[in-house]
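Hi,

Here is the model I promised to pass on.

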Amino acid sequence: MYQETFMKRALALSAKALETPGTEPFGAVVVKDGWVVGEGLNHSVANFDPTSHGEVEAIRDACRRLRSVDLAGCDLYTSCEPCALCVAAMRIVGIRELFYAASMEQAGQAFDGLPAAARHPIDVDDLRAEAGAPLALRKMPAQQHLADKATEVLAAWAAPRKR
């Protein structure tokens, strides 16, 4: 169930980007049983890490604090509608419900006209299509090599865990 307190916290984290070099205005919190268990602000530039989005940072923080990679039962509040990368991370950890403030369209309007030097341009629609497409239909060329060797490692890791 939506609680405005948590959205206000995500927005406050987002506002830290106004005065923190190397950050962008995307903040998020992970909530479990009415408590914030993870917080994040986009540090992509500061960390030289294109996956350091606010939602991903909040998920990382929550996983560390809870000592688990399973966030089932947790909700995520974010200052902006998440991109495909963040949605994938939320699905992987089992986030129950998403609450967001600005839409992708609203963010696009706010960022319209920014030079590439100010913010790496991302075509959100293209990213969504690419991330969800089967490998054969993706734009990025891909080649498979040494599948047998990789499968051996996967099977060796899985074998003792099947018992």
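**Salt bridges and the sheet**

Let me start with Glu39, which is partly exposed at 24% relative accessibility (buried is under 20% relative accessible area, exposed over 50%, partly exposed in between, with a 1.4 Å probe and protein chains only). Before going further: this is a predicted model, where local features need pLDDT of at least 70 and side-chain atom pairs count only at pLDDT 80 or more, while totals for chains, interfaces and linings use all residues. Residues are numbered from 1 along each chain as its sequence is written, and side-chain values use heavy atoms, with hydrogens and water left out.

Back to Glu39: its side chain meets that of Arg9 in a salt bridge, at 2.7 Å from N to O (a side-chain nitrogen of Lys or Arg within 4 Å of a carboxyl oxygen of Asp or Glu). This pair ties together distant parts of the chain, with Glu39 in strand β2 and Arg9 in helix α1, 30 residues apart (helices are DSSP runs of H or I with at least four residues, strands runs of E with at least two, numbered from the N terminus). Arg9 is also partly exposed, at 28% relative accessible area.

Now the sheet. It is open, with four strands in the order β2-β1-β3-β4 and mixed pairing (two strands pair if DSSP finds at least two bridges between them). β2 (35–42) and β4 (97–102) are at the edges with a single partner strand each, so one side of each has no neighbour in the sheet. On average, neighbouring strands are turned by 15° against each other, direction ignored (axes are lines fitted to C-alpha atoms, for helices over the stretch in contact, and angles run from 0 to 180 degrees between N-to-C directions).

Two helices lie across these strands. Helix α3 (residues 54–66) lies across β1, β2 and β3, and runs at about 140° to β2.

The residue I'd click on next is Asp75, in strand β3 (residues 74–80). β3 pairs with β4 in the parallel sense over five bridges, and the bridge partner of Asp75 in β4 is Glu97. Asp75 counts as buried at 4% relative accessibility. Leaving out residues up to four places away in sequence, Asp75 touches Met1, Val29, Val30, Val31, Ile95, Arg96, Glu97 and Phe99.

Which residue forms a salt bridge with Asp75? That is Arg96, with the closest N and O atoms 3.0 Å apart. Here too the pair links distant parts of the chain: Asp75 sits in strand β3 and Arg96 in the loop between α4 (84–93) and β4, 21 residues apart. Arg96 is exposed, at 54% relative accessibility, whereas Asp75 is buried.

Lys139 is in the loop between α6 (124–132) and α7 (147–158), and Asp126 is in helix α6, 13 residues away. Lys139 counts as exposed at 62%, while Asp126 is partly exposed at 29%. Asp49, Glu57 and Arg60 are linked in a salt-bridge network, and the structure holds nine salt bridges.

Cheers

How values were computed
Contact = heavy atoms within 4.5 Å.
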